[in-house]
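This report walks through one protein model for a reader who has not seen it before. Please keep the sequence and the structure in view while reading.

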Amino acid sequence: MGLKDRLQMFALEQMIDKLCDVVQHGTDEDMNTIISIGEKLTTDPLWKSAVSGFKYRWQIEHPQMHMAKKFMREIDPHVRRTIMKNLIIKEALVGYRTRNIVRDKIGFYPPTFFVISPTMACNLSCYGCYARSYRAKGLEYELVEKAIKEAKEFGVYLVIVSGGEPFYYPHILRMFEDNPDMVFQVYTNGTLIDRALAQKIVELGNVIPAISIEGYEKETDERRGKGVFKKVVQAMDYLREEGALFAFSTTATRYNVETITSDEFIDFLTDKGVFFGWYFMYVPVGKGSSTELMLTPEQRGNMRKRIRQLRGTKGIFVADFWNDGDYVDGCIAGGRIYFHINSNGDIEPCVFAHFASHNIRENTIIEALDSPLFRAFRDRQPFHLDRRLPCAIIDANDTLEEIVKIGKARPTHEGAEEIFTVHGSFLRKLSEDYIKWLKDHDDDHFIKELNMEKEYSHNKDRNKRLEKLYGKTVRETALKREGPEEIVEKKEERVAP
């Protein structure tokens with residue numbers, strides 16, 4: 001980083017410090033002024049669109065602005081400053097510049113973040129857990145250091161930590177302490193978070209726990225064990241009282257989906273101090289896994305609608321890892337936006353696709369990203385032109401099997417191949433039924449959502465930038481595959497290489 005860049009970073013740090021003071025003690029009108037300044041300072045089309053969207057929601061007093069006000073005025077000041085500096089300065093500015101430089105060197109745009117599971121050890125035994133088939137003891141800390149160092153070199157400053165139970169990993173706090181310039185979102189069952197750990201999380205400032213919960217006491221204890229719900233709620237209380245920024249994570253099954261998408265459940269979590277949340281559909285991953293818990297096509301479609309309703313009416317942001325595929329141009333795995341390193345060091349294209357050809361012990365991350373496995377994954381994205389069908393596992397099972405063969409990838413644990421050999425026909429039929437359901441229930445709504453913001457979709461500068469980054473558009477890909485022009489006509493978007 002040159003002198004000019006260092007001076008700019010220093011100036012931005014000072015500005016964020018002032019910003020935090022103003023938003024904590026100032027008026028809503030002060031906030032309007034700050035947002036307008038940020039809008040003028042931002043040059044990147046994607047960030048400018050994001051700031052403009054935030055400004056609009058602030059001005060109309062959108063319910064989600066309740067979350068923004070909480071972040072600015074109720075979160076511990078150290079947490080607020082650390083998260084803002086690391087996301088705005090490191091991720092959005094330093095990381096963005098680095099990724100563009102690296103793209104020119106390696107020939108493809110590197111991921112924005114990655115998931116690491118340093119251990120698969122866990123104090124719970126939840127039925128249907130996607131990680132239960134792994135048998136590795138865990139990653140040596142030197143390998144965690146290696147992965148993080150390499151990721152920073154291509155512009156990553158956001159790391160998602162999963163498992164197993166991350167707080168079971170003996171070096172987990174050291175990972176956070178050694179990388180104060182990064183943000184770590186940690187998927188945790190919450191049972192190990194006591195008052196002392198909540199205080200440590202706030203002291204570090206760069207850790208965002210995302211606590212798993214399956215509904216209320218009945219649903220959570222049924223899947224996770226008796227007494228777990230009360231421990232989870234207690235953990236949330238500790239984090240809220242200490243001023244932490246934290247989220248929730250929930251797995252949607254055919255037995256709890258109505259509960260976890262209800263107004264009452266979201267209101268309950270909001271009252272507990274949760275800022276945002278992630279929804280994951282259950283998928284049958286691993287040896288002996290069952291399809292019994294999977295959502296029906298109708299449940300999946302209704303869940304998709306409910307998530308959007310919640311986003312429009314609640315003071316909390318919620319996202320759906322599968323059903324929000326049309327917001328992110330389909331699947332984000334395969335190194336297009338993220339990848340996964342498991343507890344054995346295997347570099348997998350997705351947290352739920354347990355196949356690998358490279359390992360962090362013998363290979364670099366860039367080598368894995370440039371491998372036939374990852375290239376085949378990205379070459380076939382999006383797996384459907386209809387982004388409501390983003391997933392290679394459940395919406396393009398045949399394609400994923402083809403990718404694994406092309407990449408000469410091996411299963412990363414016993415039974416991983418059952419996603420094809422045991423569940424393949426079921427998943428293909430389920431996806432076909434979902435497509436039929438969408439045609440009957442969701443046609444015009446889909447087109448409207450693909451054109452969420454005209455200035456975002458049809459901004460010429462943005463489209464030029466995306467084409468420069470990724471080299472091809474949806475239209476070009478569709479014509480190559482002789483895909484349906486009527487969908488392509490609605491919106492030209494990027495397709496990652």
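**The chain as a whole**

The model is a predicted one. The protein chain contains 23 helices and 11 strands. It has 497 residues, of which 57% count as buried. Taking contacts between residues at least 6 apart in sequence, 73% join residues that are at least 24 apart.

**The nonpolar core**

In soluble globular proteins, nonpolar side chains tend to be buried together. Here the largest nonpolar core has 133 residues. The residues with the most contacts inside this core are F114, M175, F176, I341 and F352. Among the elements, helix 10 (residues 228–242) gives the most to the core, namely 8 residues.

Leaving aside residues up to four places away in sequence, F352 touches Y130, F280, V283, V285, F321, W322 and I393.

Helix 5 covers residues 77–106 and helix 8 covers residues 195–204. Their axes come within 7 Å and cross at roughly 50 degrees. The two helices are therefore oblique to each other. On the side of helix 5 the contact is made by H78, V79 and T82, and on the side of helix 8 by V202, E203 and L204. Sorted by class, this contact has 3 nonpolar, 2 polar and 1 charged residues.

M84 also lies in helix 5. M84 has a relative accessible area of 7% and is therefore buried, since buried means under 20%. The C-alpha atoms of M84 and D17 are 9.4 Å apart in space, while the two residues are 67 apart in sequence.

In helix 15, the residues L373, F374, A376, F377 and R378 are buried. The buried residues of this helix pack against strand 9 (347–348), strand 10 (355–356), helix 14 (365–369) and helix 16.

**Salt bridges**

The count of salt bridges comes to 32.

| Pair | Distance, N to O |
|---|---|
| R300 and D395 | 3.0 Å |
| D324 and R311 | 2.9 Å |
| R375 and D370 | 2.5 Å |

R300 is buried, with a relative accessible area of 6%, and D395 is buried at 6% relative accessibility.

The salt bridge of D324 and R311 also links distant parts of the chain, the partners being 13 residues apart. D324 sits in the loop between strand 7 and strand 8, and R311 sits in helix 13. D324 has a relative accessible area of 10% and counts as buried; R311 has a relative accessible area of 10% and is buried as well.

What is the exposure of R375 and D370? R375 is partly exposed, with a relative accessible area of 31%. D370 is partly exposed, with a relative accessible area of 36%.

Beyond these pairs, R195, D237, R240, E241, E242 and K272 are linked in a network of salt bridges.

**Loops and backbone details**

Y327 is found in the loop between strand 7 (317–320) and strand 8 (340–341). Y327 is partly exposed, with a relative accessible area of 31%. Its C-alpha atom is separated by 9.2 Å from that of R388, which is 61 residues away along the chain.

Where are cis peptide bonds found? One runs from G163 to G164, with omega near 20 degrees. G164 lies in the loop between strand 2 (158–161) and helix 7 (172–178). Another joins Q381 and P382, with omega about -5 degrees. P382 is in the loop between helix 15 and helix 16.

E61 is not a glycine, yet has a positive phi of about 55 degrees. E61 lies in the loop between helix 3 (45–59) and helix 4 (65–73), and counts as exposed at 62% relative accessibility. K408, which is not a glycine either, has a positive phi of about 50 degrees. The place of K408 is the loop between helix 16 and strand 11 (410–411). At 75% relative accessibility, K408 is exposed, because exposed means over 50%.

Definitions and conventions: Residues are numbered from 1 along each chain as its sequence is written. This is a predicted model: local features need pLDDT of at least 70, side-chain atom pairs count only at pLDDT 80 or more; totals for chains, interfaces and linings use all residues. Side-chain values use heavy atoms; hydrogens and water are left out. Axes are lines fitted to C-alpha atoms, for helices over the stretch in contact, and angles run from 0 to 180 degrees between N-to-C directions. Helices (H or I, at least four residues) and strands (E, at least two) are DSSP runs, numbered from the N terminus. Angles under 35 degrees count as roughly parallel, over 145 as roughly antiparallel, 65 to 115 as roughly perpendicular and the rest as oblique. Contact means heavy atoms within 4.5 Å. Ala, Val, Leu, Ile, Met, Phe, Trp, Tyr, Cys and Pro count as nonpolar, Asp, Glu, Lys and Arg as charged, and the others, Gly among them, as polar. Buried means under 20% relative accessible area, exposed over 50%, partly exposed in between (1.4 Å probe, protein chains only). A salt bridge is a side-chain nitrogen of Lys or Arg within 4 Å of a carboxyl oxygen of Asp or Glu. A nonpolar core is a set of buried Ala, Val, Leu, Ile, Met, Phe, Trp, Tyr and Cys residues joined through side-chain atoms within 4.5 Å.
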